[in-house]
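Here is a short briefing on the structure shown below.

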Amino acid sequence: MSKTAGAPKVANLNDLLAVAYQIEIDAVDRYKLLADQMETHNNPDLVKIFRDLARAEGIHGEEIRRMAGDFDVAARAREIAKFEKSESPEEADLGSAHYMMTPWHALQLSLAGEERALAYFTSIVENTKDPKVKTLAAELVEEEAEHVQLVHRLLQRYPKPSKNWADDLDPPVSQE
Amino acid sequence: MAASRSISIAIIGSGGAGALTTVDSLLETAAAAGWHGLFTRTLGPQIRGGEAAGLLRLAVDPVESLPDRFDLMIGIDWLNAHRFGAEIKAGNQTLVISDPRGGDLPPMVTQSGARVVEIAMKEMAKAIPDGRPNMIALGIAGRLLGFTVEQAFAPIAKRLADKGPAAIEASLAGIKVGFGAAAGIDFGVQLAAPKPSKVRRWLLSGNEATALGAIRGGIRFAAAYPITPATEILEWLAPNLTKVGGTLLQAEDELAAINMIIGASYGGTPALTATSGPGLSLMIEALGLATSAEIPIVVVDVMRGGPSTGIPTKSEQGDLNIAIYGMHGDAPHLVLAPQSVGDCVFTTQWATYLAEALQAPAIILSDQFMGQSRAAIERPADVAFIGARSIASEISGPYMRHAMTANGVSPMAIPGTRGGQYTADGLTHSERATPTSGAADHLAQLDKRRDKLDRFNFGDHWASVEGAGDLAVITWGSLTGAAREAVALAAADGIDARMVAPRLLAPVLPERMAAALAGVKRILVVEQTHGGQFNKFLRAHYDLPAPVRAFNRPGPLPITAGEIHRAIAVWR
Amino acid sequence: MSSVAYKQADYKSDVKPIWCPGCGDYHVLMSFGRAFAQLGLPPEQIAVISGIGCSSRIPAYTNCYGFHGVHGRSLALAAGLKVTRPDLTVVVASGDGDGYSIGGNHFLHACRRNIDMTYVVMDNHIYGMTKGQPSPTTEPEFDTALSPGGTRVRPFHPLVVALASGANFIARCFSGDPNQTADVLAEAIKHPGFSFIEILSPCVTFRPDEKAWKEQVHPAPVTETSDQGKAARRLMTDDGFNIGILYRGTRTPYQPAAGATNIDLSELEKDFEL
């Protein structure tokens with residue numbers, strides 16, 4: 001099944017801006033949630049990484065809002081930006097989090113999100129009949145492609161963890 | 001460097017650092033070298049990745065309580081460690097090893113005057129492929145305690161046996177680096193040489209000890225509903241009961257569990273379940289049934305912070321009231337309490353024996369501190385208490401299940417025995433077990449169930465009575481070890497005190513207690529409750545021949561020997 | 001209902017969950033917020049009632065009224081609350097241990113009674129909080145410390161039991177699809193009577209094998225029905241991973257007997273007058 005099945009219908013430029021905006025703030029919320037989880041579970045390196053990612057996505061969201069000018073992207077997004085079959089494309093997969101996850105893992109989550117967003121905007125470029133939408137979508141594709149490259153560059157800095165990365169010799173705790 | 005009789009170490013870390021495993025491993029190393037030890041832990045609220053502190057006390061003699069101060073503290077990291085401030089005390093003699101990148105030192109360190117030495121454990125670990133900071137910490141602790149690398153490494157090699165050679169190599173390398181890093185440090189404390197002993201050494205938790213005691217006593221059926229901190233008893237029994245021909249059944253809840261064991265026992269199989277406060281509350285009605293129908297069962301309550309859901313991961317002694325008084329009506333039964341990790345073996349075995357001999361339920365009040373601590377002890381001796389129920393066989397004539405006998409115990413017909421058919425009942429019944437509402441029968445059976453307990457000779461195991469001073473410390477359960485140590489500390493100060501710690505809480509034995517308290521001029525009652533349950537219990541059932549002071553405090557903090565010693569010392 | 005527009009975030013408290021990162025319950029919490037926002041329910045009009053277990057920690061993580069009760073008795077608490085406060089929206093949260101084991105008996109009678117409430121069971125096929133004992137929905141061959149070699153006992157089928165006992169709305173969802181779960185939850189809340197949703201919610205710590213659930217869940221191959229016979233036949237071929245609303249019944253929700261209002265007490269005292 002296509003990754004973008006059930007994606008919201010983008011009828012015009014403002015709709016595309018609204019959806020793109022929603023994608024960014026969903027990603028911000030998701031990274032913030034992950035940062036909180038990492039903080040509660042005493043993984044400070046990952047707290048920083050997720051807060052940085054949240055900040056970066058927040059900046060993208062702001063850019064999109066500026067592009068929209070007077071148009072209320074947030075309101076329009078609430079009306080149309082529902083992804084049926086899956087979550088917002090750029091949202092990191094919560095099920096892949098782990099209290100001992102390493103920076104490499106966080107970047108993999110981020111990469112998967114960026115690639116999903118890239119695929120989504122690419123499908124709009126391919127399927128839309130509206131030239132304005134096509135132009136903006138193409139810009140967004142370029143932007144996401146840059147993000148993908150950035151994550152790949154960051155991944156160079158972090159080695160893939162050894163197969164024992166999740167070994168916690170201490171047992172889980174029964175709190176009740 | 002003067003030799004010390006005991007040394008205490010705390011290792012603190014979070015987020016999967018493995019602090020607890022490190023301390024557990026040290027316990028094993030020390031035990032192998034001939035020392036005694038006690039390992040407990042304190043934790044954050046997370047299920048995984050939380051902040052954790054492993055607390056270890058090593059000594060020449062058996063260890064049954066925690067220290068007032070720690071000699072050595074290693075902080076792999078200090079994230080959220082301030083939470084442990086009240087429990088892990090440092091003093092100006094304490095050596096604290098801290099990772100400069102492990103977060104800020106918590107107030108319990110900075111305000112203590114402790115000597116802080118920085119060792120960059122995280123960085124050192126990074127330099128080793130697959131290295132872990134807790135292995136560095138283990139090496140540091142091992143060196144400071146005077147072990148060799150091999151001794152420190154041996155338990156880890158066992159634990160990592162199925163993780164592959166790379167993990168094992170990385171750990172050994174980490175330990176060696178830790179040893180190196182600690183080389184220049186003058187700890188100033190050294191554990192006195194262990195006493196040579198011919199008896200084998202064991203490492204086990206109170207819960208495991210309880211489970212073993214049950215099997216030794218003859219338990220061959222267990223019903224299981226998990227609850228913190230008792231689940232380990234049931235999980236140890238699951239495979240091990242099967243090995244001795246017994247069975248464990250998982251129940252859907254505590255109501256099912258208690259009724260299952262009554263059914264099994266009615267059929268002739270000694271039966272047990274284990275739970276904690278909330279579960280015991282649910283089981284009370286059926287305990288009354290077992291009492292009335294004279295069916296032996298054993299219920300272990302590993303007490304935790306209460307009331308209600310309470311503090312599941314911490315110890316308290318607040319279930320005394322419900323264990324003794326919980327049943328509606330007059331329902332005398334057995335209540336016992338082990339006094340240490342090792343004593344869990346004996347007390348559970350003895351309780352099983354008593355339940356079977358007296359055809360009554362036995363409630364064993366263990367607690368989280370004993371249940372979930374691991375101790376290095378000498379192998380508990382085999383004792384001759386094995387459940388021997390009075391069984392009716394060769395029945396001729398009408399069978400009197402609840403016959404009035406000299407000692408109050410009437411032989412029980414096991415289903416399948418011809419001529420012994422009867423219906424066990426919670427309804428008030430006659431000697432034949434048939435329901436009755438008559439005054440004479442009711443009185444007779446009430447007398448029988450009370451007298452069978454009161455007439456029994458419980459022997460010397462009913463309490464630990466030690467010393468002969470005129471100040472008596474009366475306590476019970478897991479506080480026995482701290483009280484014993486406090487009495488020793490008082491003796492060193494020239495104060496002559498004695499300790500009385502009942503192991504049998506019900507039925508009460510007024511003559512034995514009177515003998516134990518002969519000549520006493522002051523009585524200090526020590527317990528871990530908010531409401532002084534034990535104090536009130538003693539006053540209700542025993543003549544206390546001297547003025548009484550109460551030292552009671554609820555959980556979650558343990559009561560230490562030092563605190564009890566101070567309470568003794570100020571009372572002249 | 002209020003005319004204020006609520007967002008998912010309005011239903012989230014600032015208490016940080018102790019759930020392990022990777023736990024399906026984080027998604028369920030999101031679904032709660034999305035569903036409540038969809039329905040425009042003021043947070044203070046919602047009561048989230050739970051028992052004991054990881055899933056049962058959810059009330060404190062919401063911004064609604066909550067009750068973290070004792071093990072297995074959440075449905076009883078909820079019944080007392082709803083019958084006396086029909087104005088509230090009552091959502092009961094449980095897990096496969098709390099709900100189907102110790103709570104099993106209350107489950108039967110809650111379905112029978114059909115009081116208007118929504119029962120959400122986060123099923124991870126294991127007892128998570130007490131560290132990995134089998135639950136009534138654990139596969140019979142799954143090895144655990146308390147059941148070496150597996151329980152060898154047939155798992156509980158909650159949807160079947162719900163249908164047989166009279167539940168008025170029956171669905172199964174997957175936590176990994178929080179939007180769909182939110183939609184189903186909103187439907188369940190709107191539907192009168194006892195609504196039951198089983199949410200498959202993987203346990204990352206004790207059932208890492210449940211990562212595969214993402215691939216195993218699939219939309220139910222049929223549309224929902226209000227015919228009990230049809231629903232029963234569908235359940236006979238249920239593989240445990242059919243996602244969607246199975247059954248939407250037509251029973252009238254439970255109403256306590258209506259009495260006359262405002263009788264003067266002197267009327268009652270007439271009984272005793274000579």
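In chain A, 76% of the contacts with a separation of 6 or more join residues 24 or more positions apart. This is a predicted model. Its scores are ipTM 0.85 and pTM 0.92.

**Chain A**
- Chain A has five helices and zero strands. From the N terminus on, the order of elements is α-α-α-α-α.
- The C-alpha trace of chain A spans about 60 × 40 × 35 Å along its principal axes.
- Chain A holds 176 residues, and 45% of them are buried.

**Helix H1 of chain A**
- H1(A) is 28 residues long. From first C-alpha to last, H1(A) reaches 41 Å, close to the 40 Å expected at 1.5 Å a residue.
- Most of H1(A) is covered, with 22 of its 28 residues buried.

**Nonpolar core**
- The largest nonpolar core counts 305 residues. The members that touch the most others are B:Ala141, B:Ala222, B:Ile261, B:Val298, B:Leu334 and B:Val473.
- Helix H1 of chain A (residues 13-40) gives the most to this core, 15 residues.
- In soluble globular proteins, nonpolar side chains tend to be buried together.
- B:Leu334 has contacts beyond its neighbours within four places in sequence. Among them are B:Ala351, B:Leu354, B:Ala355 and B:Leu358. B:Ala506 is another contact of B:Leu334.

**Domains of chain B**
- The domain assignment divides chain B into domain 1 (3-191), domain 2 (204-378) and domain 3 (461-569).
- The centres of domain 1 and domain 3 of chain B, taken over C-alpha atoms, are 34 Å apart.
- Six residues of domain 1 of chain B contact nine residues of domain 3 of chain B. On the domain 1 side, two are nonpolar, one is polar and three are charged.

**Interfaces between chains**
- Chain B meets chain C through 18 residues of chain B and 19 residues of chain C.
- Helix H8 of chain B (residues 231-243) supplies the largest share of the chain B side, five residues.
- That side of chain B, facing chain C, has nine nonpolar, five polar and four charged residues.

- Where does B:Arg48 lie? B:Arg48 sits in the loop between strand E3 (36-43) and strand E4 (52-59) of chain B.
- Is B:Arg48 buried or exposed? B:Arg48 counts as buried because 23 C-beta neighbours lie inside 10 Å, and the cut-off is 20 or more.
- Which residues does B:Arg48 touch, not counting those up to four places away in sequence? In chain A, B:Arg48 touches A:Tyr99, A:Asp168 and A:Pro172. In chain C, B:Arg48 touches C:Cys20 and C:Thr205.
- B:Gly15 is 33 residues from B:Arg48 in sequence. In space the two are 7.3 Å apart, C-alpha to C-alpha.

**Confidence**
- Chain C has an average pLDDT of 94. In chain C, 99% of the residues score at least 70.
- Where pLDDT is low, the predicted coordinates should not be read in detail.

Terms used
Residues are numbered from 1 along each chain as its sequence is written. Chains are lettered from A and ligands numbered from 1 in the order in which they are written. This is a predicted model: local features need pLDDT of at least 70, side-chain atom pairs count only at pLDDT 80 or more; totals for chains, interfaces and linings use all residues. Domain bounds come from an automatic or database domain assignment. Two residues are in contact if their C-beta atoms, placed from the backbone, lie within 7 Å. Ala, Val, Leu, Ile, Met, Phe, Trp, Tyr, Cys and Pro count as nonpolar, Asp, Glu, Lys and Arg as charged, and the others, Gly among them, as polar. Helices (H or I, at least four residues) and strands (E, at least two) are DSSP runs, numbered from the N terminus. A nonpolar core is a set of buried Ala, Val, Leu, Ile, Met, Phe, Trp, Tyr and Cys residues joined through C-beta atoms within 7 Å. A residue is buried if 20 or more other C-beta atoms lie within 10 Å of its own, exposed if 12 or fewer, and partly exposed in between; C-beta atoms are placed from the backbone. The expected span of a helix is 1.5 Å times one less than its number of residues. pLDDT is the predictor's confidence in each residue, from 0 to 100.
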